[in-house]
Amino acid sequence: MPDVQSAVPPSPAFQGNLQPWRPLFRWAGIACVLFVFLLIAALVLDFLAPPPVHGGAENLEFIAANKASYVAEQILWILPNILPVLAFTALFVALAPAQRSLALIALIFGALPWALILAIPVSSRGSLNLIYLSDRYLEAGTEEERRVFATAAEAITAENNTPASVGTLSAFGILLMAVAMARGPRALFPQWIAWLGVATGALGVVSEILRHAVPEFYWGYGILLWVWFVATGFALIRLSGHRTDGKS
C-alpha cells in the first residue's frame, strides 16, 4: 500500500532530477505503444494463417506454402521484445529516486527476460530457424533426408510448446515494477496503472506456469499485458512533458 510520502507530490528538486531524462521517457512511452501495435499485427497474421503447433514435417510444409507471411509473423513476435527493455529502463529512472532498491530489482526481473527472448530461436508460434529447415526439406532428394530435417523441426516445435522461465520472470518483473509505482509519488504515475500492473504481473506469473494446462489464463494475461503497456506508455509520454514549474 502507498505510504504517507506517496501521497505528496514530488518536490521541485525531485522533479528537477527527472528533467534530463525527458527524452528517455518520451521514447520509452512510444516504445510501449509500438510494442503492443506490433504484437497485434503479429496476431492478425497468425489469425489469417495459423502455423501448426505439432509435427515437424507439417510445419516445414506450411512454411513452404506461406513463407512471406510466416517470416513477417516471426519477426513481429520476436523483434519487438527489445522495446520493453527501454520501457523498464525508463520506469527505473523515474522511480529510482523514491524506490531505488525495489525499482532496480524490478528492472532486472522485468527487462532481462525480454532481452533474453531475442536470443531464443522460438516465438511460441514458430521459429525463424524453421525457415532454413523448410528450404532444406524441399531440396532433399530422398525420404531419409526429409526425415532428418523433419526431426530437427519437431525438436524446435517441442521447444515452442515448453513453458519458458523467461516468461514467468518477465511477469514477476511487471509485478515488482507496479508495486514500485504504487509506492512511489502519485504525481509520477496514476495509481490505477500501478494496481493494473499488480494484477497483470500476478496473473502473468500464474498464466506462464500453467500456460498449456489452463490456456484461458494466458489469454487474459495477454490482454491485461497489452493494456498495461499502452497505459504505461501514455503515462511516460505525459511524464516527458512534465516541467519543474508545474507547466507542460
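Glu 154 has its place in helix H7, which covers residues 143–160; helices here are DSSP runs of H or I with at least four residues, strands are runs of E with at least two, and both are numbered from the N terminus. This is a predicted model, in which local features need pLDDT of at least 70 and side-chain atom pairs count only at pLDDT 80 or more, while totals for chains, interfaces and linings use all residues. Residues are numbered from 1 along each chain as its sequence is written, and side-chain values use heavy atoms, with hydrogens and water left out.

Setting aside neighbours within four places in sequence, Glu 154 is in contact with Gly 55 and Gly 56, where contact means heavy atoms within 4.5 Å. A polar atom of the Glu 154 side chain lies 3.4 Å from the backbone nitrogen of Gly 55. Ala 57 is 97 residues from Glu 154 in sequence, yet the two C-alpha atoms are 7.7 Å apart in space.

## H3 against H7

Helices H3 and H7 pack at an angle of about 95 degrees, and their axes are 7 Å apart. Axes are lines fitted to C-alpha atoms, for helices over the stretch in contact, and angles run from 0 to 180 degrees between N-to-C directions. H3 is therefore roughly perpendicular to H7, a label for angles of 65 to 115 degrees.

On the H3 side, Gly 56, Ala 57, Asn 59 and Leu 60 meet Phe 149, Ala 150, Ala 153, Glu 154 and Thr 157 of H7. By class, this contact has five nonpolar, three polar and one charged residues. Ala, Val, Leu, Ile, Met, Phe, Trp, Tyr, Cys and Pro count as nonpolar, Asp, Glu, Lys and Arg as charged, and the others, Gly among them, as polar.

## H3 against H6

H3 (residues 56–65) also packs with H6 (residues 129–139), at an angle of about 90 degrees and with axes 9 Å apart. These two helices are therefore roughly perpendicular to each other. Among the H3 residues that meet H6 are Ala 57, Asn 59 and Leu 60, and the residues of this contact divide into nine nonpolar, two polar and one charged.

## The whole chain

The chain has 10 helices and zero strands. Of its 248 residues, 44% count as buried. Among contacts between residues at least 6 apart in sequence, 80% join residues at least 24 apart.

Notes: Parallel < 35°, antiparallel > 145°, perpendicular 65-115°, else oblique. Buried < 20%, exposed > 50% of the residue type's maximum accessible area, 1.4 Å probe, protein only. Polar contact = N/O pair within 3.5 Å; in protein donor to acceptor, adjacent residues only side chain to side chain.
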